[in-house]
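Open the model in your viewer and get ready to select residues by number. Each stop tells you what to pick and what to look for.

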Amino acid sequence: MSSKIKYKISDIQNLKNSKTPFCTITVYDYASSLIINELNIPLVLVGDSASMVMFGYENTTRISVNELLFLTKAVSRGINRALIVADLPFMSYQPSNSLAVENAGRFIKEGRADAVKLEGGIEYIDRVENIVKAGIPVMGHIGLKPQSVLQESGYKIKGKTFESAKEIYRDAIALEKAGAFSVVLECVPVELADIITSKLKIPTIGIGAGAGCDGQIQVFHDLIGSFKKSSPKHAKKYLNIERSIAAAIENYIKDVRDRIFPNQSNYVTMHKNTLAELKKALENT
Ligand code: KIV
């Protein structure tokens, strides 16, 4: 693994002052973590989008704490530079402050994450305050909140009306006041994202919120085109790895059928004397 210095919360906050936006990405497994660890990525998120892309559930309300913890442990074995943020799954923080602190603590102690993220503004501000008070850094997430998909009968874009924009603005200010170290703005109008970014002292990290945010976040599978089922408007496919994977596996199937694979370099052989001895010994069995 790369031995460069590990990013701390203060380093992420200082990125607010840099002239160029920073890039963050979701990650869910060890092999991908090793790749990301070599790149210029200051923060990774073990997102609850794992619910769909890793576990095949229909939305993010299904994934459990234990399932996401399992992935967080794998990621933290592969990342030693980026700050690791773990998502708090649906119902791991909503019921009470004490449950929120307890579950956030599991991601830090068992998952070896450096911070947690939760969805919500003013309605969950006491969760943020309590987790921060317990010594755990919190990233906020406002605008489109995927964990509200059941209640809102789908993924609803927020912030387009005056009232809704004011609400999101208030959420952002409240999160900063409550001690959040950064905030994700998901699918809010670019103008609102720019206003929030200029008002907050903490960095904003956008997804579908325009180029004016301090940083951007993307889902790993969206970037490399490895998830057949979704291609959201806010994502850009830099690769179509799904096609490459299918082509590679088709070549494997063909090689096996044509007895091209495995070949001499893929198997071990026996010394000819040992083989002769074995055959002899087995003659009358
Ligand atoms: O779970 C996730 O992938 C996220 C990002 C889209 C911000 O929350």
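Predicted model: local features only at pLDDT ≥ 70, side-chain atom pairs only at ≥ 80, totals over all residues.

**Stop 1: the barrel**

Switch to a cartoon view. Eight strands close into a barrel here. Follow them in the order β1-β2-β3-β4-β5-β6-β7-β8; the pairing is parallel. Strands of a sheet pair through backbone hydrogen bonds, either parallel or antiparallel. Now look at how neighbouring strands of this sheet cross. On average they are turned by 25 degrees against each other, direction ignored.

**Stop 2: strand β1 and its two partners**

Select residues 22-26, which make up strand β1. Is β1 enclosed or open? Four of its five residues are buried, so the rest of the structure largely encloses β1.

Zoom in on single pairs:

- I25 stands opposite V44 in β2.
- T26 stands opposite L45, also in β2.

Then turn to the other partner. Select residues 215-218 for strand β8. Four bridges join β8 to β1, and these two strands run parallel. Which residue of β8 is the bridge partner of T24? The partner is I217.

**Stop 3: helices lying across strands**

Select residues 65-78. This is helix α4, which lies across β2 and β3 (83-87). Helix α4 runs at about 150 degrees to β2.

Next, select residues 125-133. Helix α6 is there, lying across β4 (115-119) and β5 (138-143). How is α6 angled to β4? The angle is about 170 degrees.

**Stop 4: the nonpolar cores**

Show side chains. The largest nonpolar core has 55 residues. To find it, select I36, V44, L88, F107, V116, I131 and L185, the residues with the most contacts inside this core. Which helix gives the most to this core? Helix α7 (residues 162-178) does, with six residues.

Now center the view on I131. Leave out residues up to four places away in sequence, and I131 touches L88, A100, V101, A104, V116, L118, I136 and V138.

Another core lies apart from the largest one. This other core has 15 residues, among them F22, L43, V85 and I205. Color the two groups separately to tell them apart.

**Stop 5: aromatic pairs**

The model holds three aromatic pairs. Visit two of them.

Select F55 and Y57. Their ring centres are 6.1 Å apart and their planes meet at 20 degrees, so the pair is stacked. F55 is partly exposed, with a relative accessible area of 31%. Y57 is partly exposed as well, at 28%.

Then select Y252 and F261. Here the ring centres are 6.1 Å apart, but the planes are at 70 degrees, so this pair is edge-to-face. Y252 is partly exposed at 48% relative accessibility. F261 is partly exposed too, at 34%.

**Stop 6: the cysteines**

How many disulfides does the whole structure contain? A search finds zero.

Select C23 and C213. The sulfur of C23 is 12 Å from that of C213, its closest cysteine sulfur, and this is too far for a bond. A disulfide needs the two sulfur atoms within 2.5 Å. C23 is partly exposed, with a relative accessible area of 45%.

Is C187 buried or exposed? It counts as buried, at 12% relative accessibility.

**Stop 7**

Select Y155, in the loop between β5 and α7. Y155 is partly exposed, with a relative accessible area of 42%. Setting aside neighbours within four places in sequence, Y155 is in contact with E58, N59, L144, P146 and V149. Then draw a distance from Y155 to N263. These two are 108 residues apart in sequence and 51 Å apart in space, C-alpha to C-alpha.

Last, select I249 in helix α10 (residues 241-257). I249 is partly exposed, with a relative accessible area of 44%. Draw a line from I249 to Y7. It spans 38 Å, C-alpha to C-alpha, between residues 242 places apart in sequence.

Note on methods:
Residues numbered from 1 in each chain as written. Heavy atoms only, no water. Phe/Tyr/Trp six-rings, centres within 6.5 Å; stacked < 30°, edge-to-face > 60°. Buried < 20%, exposed > 50% of the residue type's maximum accessible area, 1.4 Å probe, protein only. Core = buried A, V, L, I, M, F, W, Y, C linked by side-chain atoms within 4.5 Å. Contact = heavy atoms within 4.5 Å. Pairing = 2+ DSSP bridges. Axes fitted to C-alpha atoms, helices over the stretch in contact; angles between N-to-C directions.
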